[in-house]
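Student: Please take one part of this model and go through it closely. I would like the strands and the aromatic rings treated together.

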Amino acid sequence: MIQNPKQSPVYCPGHSRPVVDICYSGETDCGHLFITASKDGKAILRQGDTGDWIGTFLGHKGAVWSCVLDKHATKAATGAADFTAKVWDANSGSELLSITQDHIVRLWDLRDILKPAAVHQIWSKELSDPVNDIQFHIPYNEDQVKAVVACGNSIQTYTFDWRYSNLVEAPEAFPKFSLSCPVNSVSLHPTKKLLVCGGDDHIIYRLNSETGEILGNILGSFTILNYF
């Protein structure tokens, strides 16, 4: 009989307030790395297998709500309550770029095909409910980007061409469907045919990403689901 090996949690001290986001890199010469964002105003880079501290990104003047590493762990990006989104050199910890917004930056994504020096607004759209999560699918052999947005009780998909920096109008959401509770987190499968989401009802839903049909669900937690 094959037994699963016992796994022990790795504790990673360093933050003084709750950790609200985490992101792993791809495989690097140093193995996998990960970054954490916290309400203490810091983002910390760590070794993926041991949790050992590598460095701290300092510069935000408010809670850091979002963090991401690129695939090779050479650059990091953070979004914070000080109305800024920042891009960092993950090797030196130096700040490469700071983008000021007119609101708290809770979501931030960084892709290898986008150069930090060329960051610019492609389009913006005002929605009726708060945006709780957003996931971009940027293929390397196509031009069409899909942005899947969790907004209030709804899941909305926007498709646009990332090459154009000044779209006349923001794209319309299609498809768009709703659940019976606020959706806090959403993730699209690489095939773009399925997505999973979770929210205030403690249930993980598996959906057809084109029709919104619920294909299955799991009672996932005794608390509200905030992150996938």
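Tutor: What follows goes from a sheet to its ring pairs, and then to a loop.

This is a predicted model. Start with the sheet. Four strands make it up, in the order S1-S2-S3-S4. The sheet is open, and its pairing is antiparallel. Strand S1 (19-24) and strand S4 (53-57) are the edge strands. Each of them pairs on one side only. From one strand to the next, the twist averages 20°.

Now look at S1 and its partner. Strand S2 covers residues 33-38. S1 and S2 run antiparallel, and 5 bridges join them.

Next, the rings. Two numbers do the work here: a pair of aromatic rings is described by the distance of the centres and the angle of the planes. The count comes to 2 aromatic pairs.

One of the pairs is Tyr 24 with Phe 34. Their ring centres are 5.0 Å apart, and their planes meet at 35°. Planes under 30 degrees apart would count as stacked and over 60 as edge-to-face, so 35° makes this pair tilted. Tyr 24 belongs to strand S1 and Phe 34 to strand S2. The two residues are 10 apart, and the pair links distant parts of the chain.

Phe 34 has 5% relative accessibility, so Phe 34 is buried.

Phe 57 sits in strand S4, while Trp 88 sits in strand S7 (residues 84-89). Parts 31 residues apart in sequence are therefore tied together by the pair. Both Phe 57 and Trp 88 are buried.

Last, the loop. Gly 212 is in the loop between strand S15 (203-208) and strand S16 (214-219). With 16% relative accessibility, Gly 212 counts as buried. Lys 176 is 36 residues away along the chain, yet the C-alpha atoms of Gly 212 and Lys 176 are separated by 7.8 Å. Set aside the neighbours within four places in sequence. Gly 212 is then in contact with Phe 177 and Leu 207.

Methods: Residues are numbered from 1 along each chain as its sequence is written. This is a predicted model: local features need pLDDT of at least 70, side-chain atom pairs count only at pLDDT 80 or more; totals for chains, interfaces and linings use all residues. Side-chain values use heavy atoms; hydrogens and water are left out. Two strands pair if DSSP finds at least two bridges between them. Axes are lines fitted to C-alpha atoms, for helices over the stretch in contact, and angles run from 0 to 180 degrees between N-to-C directions. Rings of Phe, Tyr and Trp (its six-membered ring) pair if their centres lie within 6.5 Å; planes under 30 degrees apart count as stacked, over 60 as edge-to-face and the rest as tilted. Buried means under 20% relative accessible area, exposed over 50%, partly exposed in between (1.4 Å probe, protein chains only). Contact means heavy atoms within 4.5 Å.
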